[in-house]
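Trainee: I would like to go through this model step by step, from the whole chain down to single residues. Could we take it as questions and answers?

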Amino acid sequence: MTEEILSTQQYDVFRHFLAEACGIVLGENKHYLVTSRLNRLTKEFSFPTISAMLDTLALGTNKQLKERIIDAMTTNETSWFRDTYPYEIMRHELLPHFAKKKPSALRIWSAACSTGQEAYSISMTIAEYQMANPGALSTFVEIVGTDISPTVLKIAREAVYDEINIIRGLSEERRNRYLVKENEKWKMRDAIKAPARFAELNLLNSYSLLGKFDIIFCRNVLIYFSTESKTDILNRMAQILNPGGFLILGGSESPTGYSPAYEMVRYKQGVIYRLKDTW
Ligand SMILES: C[S@@+](CC[C@H](N)C(=O)[O-])C[C@H]1O[C@@H](n2cnc3c(N)ncnc32)[C@H](O)[C@@H]1O
């Protein structure tokens, strides 16, 4: 089958679909990339042409097709202890702060968690803090990882990683302490897995079932969204942060210009955000 080129009109319709479905805004320059990914899916789903596949997509009746298309358009790129500084700030600033505050529970949300490395890096950081400071943080800890993609969530829940995924950001020492090797793969130990649970959630939809959080990690996903979606997401995250709660964004992301609910907190390791007292 020869590769079919998406017409400009089809590309515009598709961009609109993607923005509505998951907030991701495709630039003009992604036409070729999108065409090649859609050609791949056309074959996978045995449609005769891209147009036939897009017609089915427009009907809105094929949930699996919609999920696969969103999956193919999003980047699931992630790594252990990504950028280091968020975990250093947790270890040296936030966890001692919550240890003093003694909340009845410490709840952390890894929004757009991809394959789970972020949630488990948080869990490892807490385990290391508790080991170094026995009894200091004797509260119930829950880490909730959410993502729009059922494919990445399956991997996050299983918490079994191959060598290629393991080497990205995880030291040998941590790998040997927190995972066990089974059939050439690395399986997360229960102590790190237990505080984490995972659920499917589109960040454009309601957060009302999630409960309240003390820390939200929302990293490397807002960059793909429109100004309206960023504003909406950041304002709704503020509504489910406990008073004085923290927001940790990706290195190139900031709430400035989108939501007035947060103030910048500058630590020597890097910058994060806190819900304003007046909010
Ligand atoms: C680049 S990864 C970031 C993973 C992790 N937060 C990190 O920084 O390493 C972006 C993730 O956002 C997810 N995503 C994209 N659009 C989303 C949406 N509307 N709602 C929830 N998750 C979304 C993708 O499926 C992907 O797993």
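This is a predicted model: local features need pLDDT of at least 70, side-chain atom pairs count only at pLDDT 80 or more; totals for chains, interfaces and linings use all residues.

Trainee: What radius of gyration does the protein chain have, and what would a compact globule have?
Mentor: The C-alpha trace spans about 65 × 50 × 30 Å along its principal axes. For 279 residues, a compact globule would have a radius of gyration near 19 Å. The protein chain agrees with that, at 20 Å.

Trainee: What share of the contacts with a separation of 6 or more comes from residues 24 or more positions apart?
Mentor: As background, 35% of the 279 residues count as buried. Among contacts with a separation of 6 or more, the share from residues 24 or more positions apart is 76%.

Trainee: Which domains does the assignment give, and what separates their centres?
Mentor: The domain assignment gives domain 1 (8-73) and domain 2 (85-275). Taken over C-alpha atoms, their centres are separated by 30 Å.

Trainee: Which element gives the most to the side of domain 1 that touches domain 2?
Mentor: In the contact between the domains, 8 residues of domain 1 meet 11 residues of domain 2. On the domain 1 side, the elements giving two or more residues are α1 (8-22) and α4 (63-73). By class, that side has 5 nonpolar, 1 polar and 2 charged residues. With 3 residues, the element that gives the most is α4.

Trainee: What distance separates the end C-alpha atoms of helix α11, and what should the helix span?
Mentor: Helix α11 (residues 227-239) has 13 residues, and at 1.5 Å a residue these should span 18 Å. The end C-alpha atoms agree with this, being 19 Å apart.

Trainee: Where on α11 do the buried residues fall, and within what arc?
Mentor: The buried residues of α11 are K230, I233, L234, M237 and A238. Seen down the axis, they line one face of the helix, because they fall within an arc of 140°.

Trainee: Which exposed residues does the face of α11 turned away from its buried side carry?
Mentor: On the buried side, the cover includes β7 (213-218), β8 (241-249), β9 (262-267) and β10 (270-275). The face turned away from that side carries the exposed residues E228 and Q239.

Trainee: What arc do the buried residues of helix α7 cover?
Mentor: In helix α7 (residues 150-158) the buried residues are V152, L153 and A156. They lie on the same side of α7, because around the axis they cover an arc of only 100°.

Trainee: Which elements do the buried residues of α7 pack against, and which residue follows the helix?
Mentor: The buried residues of α7 pack against α6 (117-132), β2 (140-147) and β6 (196-200). The helix is followed by a residue with a positive phi, near 55°, namely A159.

Trainee: T84 is not a glycine; what is its phi, and is T84 buried or exposed?
Mentor: T84 sits in the loop between α4 and α5 (85-101). Its phi is positive, at about 60°. With 12 C-beta neighbours inside 10 Å, T84 counts as exposed.

Trainee: Where is K102, and is K102 buried or exposed?
Mentor: K102 has its place in the loop between α5 and β1 (105-111). K102 has a positive phi of about 50°, although K102 is not a glycine. With 11 C-beta neighbours inside 10 Å, K102 counts as exposed.

Key:
Residues are numbered from 1 along each chain as its sequence is written. Helices (H or I, at least four residues) and strands (E, at least two) are DSSP runs, numbered from the N terminus. The expected span of a helix is 1.5 Å times one less than its number of residues. A residue is buried if 20 or more other C-beta atoms lie within 10 Å of its own, exposed if 12 or fewer, and partly exposed in between; C-beta atoms are placed from the backbone. The arc is that of the directions from the helix axis to the C-beta atoms. Two residues are in contact if their C-beta atoms, placed from the backbone, lie within 7 Å. The radius of gyration is taken over C-alpha atoms; the globule rule is 2.2 Å times the number of residues to the power 0.38. Domain bounds come from an automatic or database domain assignment. Ala, Val, Leu, Ile, Met, Phe, Trp, Tyr, Cys and Pro count as nonpolar, Asp, Glu, Lys and Arg as charged, and the others, Gly among them, as polar.
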